[in-house]
Amino acid sequence: MAEQVTQESFLEAVNEMLAAIGEAPVNTLENPINTDVISCIRILNKVNRTEQSRDWSFNQIPQLTLNPDVFTKKIPWSDVYLHLKGGTTIYQNRKGFVYDIQGQTDVFDSPITVEALLLLSFEEMPEVFKDYITAKASLEFQKRFLGDSGLTQSLQEEFQERWMRLQE
């Protein structure tokens, strides 16, 4: 019987991180009380955001049109925006709205077209990237909370292997 390949979920990634330090898996991430689980979630989210900010092809939108509100002429900033750029203009989040740094304004008379780098949810990412993120987060979690040098070396090797697979 062939092995069934399934997509890695956020829960499975957290459980892999827990397994890296010899902790038992959990069945849910809703209302976690275990400090290791809370730490895993925090580290996995941080590593995911940091790594997706590196500008991968899977989370780039070459042309995204953003429409200002009819009344306020402002464009709400979405939590999924990691970076917005329109030609030579760079936009940033200023008080929850898109802000044109060069023009020093958050008021737009018409739609703007930007090159966007988006933060995708864990489930939306390619499998190879999820594997990489999980390995990097496991390594960071173990180094921070357990600090076992032998385990660090083993996880470092796994991280390097997943990094090489990501580069293929």
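Which residue lies over the face of Tyr99, and at what distance from the ring centre? Arg94 does, at 3.9 Å.

The model is predicted, with local features needing pLDDT of at least 70 and side-chain atom pairs counting only at pLDDT 80 or more, while totals for chains, interfaces and linings use all residues. Residues are numbered from 1 along each chain as its sequence is written, and side-chain values use heavy atoms, without hydrogens and water.

**View 1. Charges over rings.** Arg94 sits over Tyr99. Lys74 lies over the face of Phe97, at 5.0 Å from the ring centre. The criterion: NZ of Lys or CZ of Arg within 6 Å of the ring centre and within 35 degrees of the ring normal.

**View 2. An aromatic cluster.** Ring pairs join Trp56, Phe58, Phe129, Tyr132, Phe159 and Trp163. Rings of Phe, Tyr and Trp (its six-membered ring) pair if their centres lie within 6.5 Å; planes under 30 degrees apart are stacked, over 60 edge-to-face, and the rest tilted. The count by this rule is ten aromatic pairs. Phe129 and Tyr132 form a tilted pair, because their ring centres are 5.9 Å apart and their planes stand at 50°. These two residues are three apart in helix α3 (residues 127-145), so about one helical turn separates them. Both Phe129 and Tyr132 are buried (under 20% relative accessible area, with exposed over 50% and partly exposed in between; 1.4 Å probe, protein chains only).

**View 3. The largest nonpolar core.** This core holds 27 residues. A nonpolar core is a set of buried Ala, Val, Leu, Ile, Met, Phe, Trp, Tyr and Cys residues joined through side-chain atoms within 4.5 Å. Val14, Met17, Leu44, Phe122, Phe129 and Ile133 have the most contacts inside it. Two or more residues come from each of α1 (10-20), α2 (35-52), α3 and α4 (149-167). Helix α3 gives the largest share, seven residues. Another core, of twelve residues, lies apart from this one and includes Ile75, Trp77, Tyr81 and Val98.

**View 4. Around Phe122.** Phe122 touches Glu8, Ser9, Phe10, Ala13, Leu44, Lys130, Ile133 and Thr134, leaving out residues up to four places away in sequence. Contact means heavy atoms within 4.5 Å.

**View 5. The setting of the close-ups.** The protein chain has four helices and five strands. Helices (H or I, at least four residues) and strands (E, at least two) are DSSP runs, numbered from the N terminus. Along the sequence, the pattern is α-α-β-β-β-β-β-α-α. Buried residues make up 37% of the 168 residues in the protein chain.
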